[in-house]
Amino acid sequence: MRQDDYFRWAGELFDRKQIFDKPEALQGIRVLELTTLILGPSTADFLGEFGAEVIKVELPPAGDTMRYVTPRGTFWKNASIGFFPENHSKYHVAIDLHKEAGRALFKQLAARADVMVENFRAGTLDRWGIGYRDLSAQNPRLIYVANSGFGQWGPFSQGRASYDAVAQTVSGMIGITGFPGRPPITCGIFIGDWFGALMAATAALVALHHRQRTGEGQLIDYAQSEGLIRSLDWTWALAGLTAENRGPAGNRDRALGAADIVRCRDGFVAVAAVTDAEFRGLCQAIGAPGLAEDPRFATLAARLEPAHAEAVLRQVGAWAAILGRAEIEALAEKHGFAAARVASAADRYADPHLRARGAVWDYEDPLYGPMVEQGPAPKLSATPGRIRWPGREEGPAEADPS
């Protein structure tokens, strides 16, 4: 198959127009969610985007704290824009779990659930009589996802609160983020929450597969900081084997030899050339093909030397300074290395590639009007993910849910 034919075939296979005509992988799976903020809601959201029925329980009168995170009031008086990305396609009910009747009603919902997701401090729901021990006794097939800062056991599990910034700190992520000699900085998004939600949702799918074979439910203990530890590639191994602590390197990734965020004529561009072939292409683009033959730069191992990487990146910076972002991107495509402009979220909303792939969803919601949301990822050809509606207001709970 020719390359052009392949791209056309792939585009047709994943055509967004067909999404709502195809089945959903998790259709028939019921998820009971008792969460707030980002980590827990996003865990359930990822399952819901691929067909699970998600019933989100909120404690009255306030409900999920994310309803009040600024900027608020864009669509209704009791919501924030920050509430939408974690609460697609869910059914919302308000149940007062501080009352015995509310806990009894919650147990009725749990008896009919396949997956339960919560993100309270360890032991909280157990004290209320609706933790894993209580719920699994009445529903042995239940997969119970307990998201917390430090896990369900261990020295930090009792009494310590955690949020995304704490998880970034405890994991060591902040120690390698930012610029040498400057104060540490956190990631620009709640990466501990979002990355953790992906790991917790993946664990739920693993447990569902196990249950399909055995009929057995289980407890999933996800500690927020541990997910970020898992993401720190060679950082921990390096420290354990050599006692060397990897520090912040700014925007220059020394492990790749020639990767940086560089200023150009009309903004900033990320440039990366990792393989020898990509580096040769970069050298062609900057008008210095001889660099690729220089022993200091001819191999990736040589380019990893800090002084050698610095020499290359100085030349790349001087080259980029006189060009525009579009010119650099075109040269990267022509010569086979990577480059992309640093753009705002508004720029990315208008990006034709992201829109073509459904990474940005435009739709008209009957309640809120025009909406722009992040689309489901990754893409599945037979059972694609979808967004049916954004977050809704809290609804009343029924006395006998079915």
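The model is a predicted one, in which local features need pLDDT of at least 70 and side-chain atom pairs count only at pLDDT 80 or more, while totals for chains, interfaces and linings use all residues. Residues are numbered from 1 along each chain as its sequence is written, and side-chain values use heavy atoms, with hydrogens and water left out.

The protein contains 15 helices and 12 strands; helices (H or I, at least four residues) and strands (E, at least two) are DSSP runs, numbered from the N terminus. The C-alpha trace spans about 75 × 50 × 45 Å along its principal axes. Accessible areas were computed by the Shrake-Rupley method with a 1.4 Å probe, and for residues only the protein chains shown count as cover. The accessible surface amounts to about 20,800 Å², and 57% of it belongs to carbon and sulfur atoms. Of the 402 residues, 42% are buried, where buried means under 20% relative accessible area, exposed over 50%, and partly exposed in between (1.4 Å probe, protein chains only). A contact is defined as heavy atoms within 4.5 Å. Among the contacts with a separation of 6 or more, 68% join residues 24 or more positions apart.

Arg 386 sits in the loop between strand 11 (369–374) and strand 12 (395–396), and counts as buried because its relative accessibility is 2%. Two backbone oxygens are reached by the side chain of Arg 386: that of Lys 22, at 3.1 Å, and that of Pro 384, also at 3.1 Å. Polar contacts of this kind are pairs of N or O atoms within 3.5 Å; within protein, one atom must be able to donate a hydrogen and the other to accept it, and residues adjacent in sequence count only if both atoms are side-chain atoms. Setting aside residues up to four places away in sequence, Arg 386 touches Ile 19, Phe 20, Lys 22, Pro 23, Glu 24, Glu 49, Ser 89, Trp 361 and Pro 376. The loop between strand 11 and strand 12 also holds Pro 378, and a cis peptide bond, with omega about 0°, joins Ala 377 to Pro 378.

Another cis peptide bond links Pro 60 and Pro 61, with omega about 5°. Pro 61 belongs to the loop between strand 2 (53–58) and strand 3 (90–94).

The expected span of a helix is 1.5 Å times one less than its number of residues. For the 15 residues of helix 12 (residues 306–320) this gives 21 Å, and the end C-alpha atoms are 21 Å apart, so the two values agree. The buried residues of helix 12 are Ala 309, Ala 311, Val 312, Leu 313, Val 316, Trp 319 and Ala 320. Their cover includes strand 7 (259–264), strand 8 (267–272), helix 10 (276–285), helix 11 (300–303) and helix 13 (325–335).

Helix 13 contains Glu 329, which counts as partly exposed because its relative accessibility is 22%. Beyond residues up to four places away in sequence, Glu 329 touches Ala 339, Ala 340 and Arg 341.

Ala 223, in strand 6 (residues 218–223), is buried, with a relative accessibility of 2%. Leaving out neighbours within four places in sequence, Ala 223 is in contact with Ser 148, Gly 149, Phe 150 and Gly 151. Ala 223 and Ser 80, 143 residues apart in sequence, are 27 Å apart from C-alpha to C-alpha.

Positive phi values complete the picture. Leu 37, a residue other than glycine, has phi near 65°; Leu 37 lies in the loop between strand 1 (30–34) and helix 2 (39–49) and is partly exposed at 23% relative accessibility. Ala 243 likewise has a positive phi, of about 65°, although it is not a glycine. Ala 243 is placed in the loop between helix 9 (235–242) and strand 7, and is exposed, with a relative accessible area of 63%.
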